[in-house]
Amino acid sequence: MTTRRFVLSTVGISLLSKLERDLYHAANAVELPADMQSVAEKAARQALAQLESASVAERRAMSAELNGLYGLYEDQLHLGQADAHFLLVTDTALGEMAGRVVEDFLRGEGWSQVSVQKPHKLSTATADDFSQGIKKLIEWCEKTIPGYQDAGYEIVFNLTGGFKILQGYLNIVGMFYADRMVYIFEAANELLTIPRLPIEVSEAALRDHRVPLALMAEGDALLPLDQVRDIPEGLWESIGHGAGISNWGLLAWNRVRRRILSERLLNFPHLQYDDAFQRDFTKATVDERVDLQRALAQVSALLTEHAGNVAALKQHTGLQYDNYTNQY
């Protein structure tokens with residue numbers, strides 16, 4: 001039986017900018033002005049038409065993303081029809097448009113399980129936007145990929161297309177999530193494969209700092225700098241006058257979160273647990289314990305941010321908090 005694949009392909013805008021060079025100057029625009037929008041839409045229609053009528057060699061020359069996929073499937077795209085495919089684009093107008101062109105082409109080739117993935121803020125407009133976008137991407141990977149791994153899929157990152165800085169980050173992310181990463185050695189159109197290295201996260205090092213890490217990762221909290229001084233520097237980053245979890249901290253935390261959060265209730269600020277609550281925790285399943293502690297981290301972070309005022313909990317739509325009323 002052939003192993004099914006989960007393939008994440010980075011997608012750039014060269015498919016469009018090769019046809020209309022002026023589009024390159026709008027690479028980071030979230031919205032395009034009307035005149036540029038019409039130019040981009042024309043380029044997208046033209047690119048799709050050219051892909052549909054081109055030979056395999058011409059398609060590989062037109063699109064780096066397709067070049068990688070053709071290399072992965074040895075020029076026989078029909079071999080990928082049963083696989084799960086995600087086209088990673090930037091959170092920009094042209095990024096999504098280029099991704100839709102590739103998606104439409106692949107659907108025309110019989111790929112029914114292909115979709116565009118656009119993490120919020122992921123662009124090269126500013127360093128802050130890019131950092132926030134990478135965090136959203138890591139969150140998506142953690143939410144999505146383990147299910148495919150459990151189902152026996154081979155996880156492949158196709159990094160032939162897209163922006164160089166994004167490829168660099170995904171090289172590291174792929175070491176945690178992918179079975180292998182592939183590129184095209186362009187001089188010969190040959191597939192270059194980089195296998196996942198046996199990287200292990202030091203669970204003991206993270207367990208020592210589990211409360212602040214959980215608050216930053218699960219509660220999206222900014223902590224005072226004096227509360228993170230003892231945490232390895234690469235796991236957090238300065239944000240204004242406080243500290244938040246870094247991209248690499250989130251990546252590492254995701255590797256150990258399930259075990260740490262399922263062990264015992266953490267002593268989060270502003271929270272106390274009665275005996276019945278603790279007994280219920282010990283009886284709960286692993287997944288229930290993890291979900292509960294992630295919610296507790298959110299509650300604690302909100303209470304800390306608002307000096308213990310529970311009104312902040314009512315404004316958080318995900319917590320559904322209300323005052324307790326004893327009625328008989």
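In what order do the 3 strands of the open sheet run, and is the pairing parallel or antiparallel? In this predicted model, the order is β7-β9-β8 and the pairing is antiparallel. β7 (223-224) and β8 (236-239) stand at the edges, and each has a single partner strand, so one side of each is left without a neighbour in the sheet. Between β7 and β9 (residues 242-245) there are 2 bridges. One of the residues involved is P224, whose bridge partner in β9 is G242. Helix α9 (residues 210-217) lies across β7, β8 and β9. The helix runs at about 80° to β9.

The largest pocket holds about 1200 Å³ of space. Its lining comprises 36 residues. E139, A217, L250, R257 and R294 lie nearest the centre. At least two lining residues come from each of α6 (127-150), α9, β8, β9, α10 (247-263) and α12 (286-305). α6 gives the largest share, with 12 residues. By class, the lining has 18 charged, 11 nonpolar and 7 polar residues.

The second largest pocket holds about 330 Å³. Of its 19 lining residues, S14, A64, G161, G162 and K164 are the closest to the centre. Helices α1 (14-17), α3 (56-62), α4 (64-72) and α7 (164-177) each supply at least two residues of this lining. The largest share, 3 residues, is from α4. Here the lining divides into 9 polar, 5 nonpolar and 5 charged residues.

Note on methods. Residues are numbered from 1 along each chain as its sequence is written. This is a predicted model: local features need pLDDT of at least 70, side-chain atom pairs count only at pLDDT 80 or more; totals for chains, interfaces and linings use all residues. Side-chain values use heavy atoms; hydrogens and water are left out. Two strands pair if DSSP finds at least two bridges between them. Helices (H or I, at least four residues) and strands (E, at least two) are DSSP runs, numbered from the N terminus. Contact means heavy atoms within 4.5 Å. Axes are lines fitted to C-alpha atoms, for helices over the stretch in contact, and angles run from 0 to 180 degrees between N-to-C directions. On a 1 Å grid over the protein atoms alone, a cavity is a set of points where a 1.4 Å probe fits but cannot get out, and a pocket is an open set with protein on both sides within 12 Å along at least five of seven lines; lining residues have an atom within 4 Å of a point. Grid points are joined across faces, edges and corners, and a volume is the space filled by probe spheres set on the points. Ala, Val, Leu, Ile, Met, Phe, Trp, Tyr, Cys and Pro count as nonpolar, Asp, Glu, Lys and Arg as charged, and the others, Gly among them, as polar.
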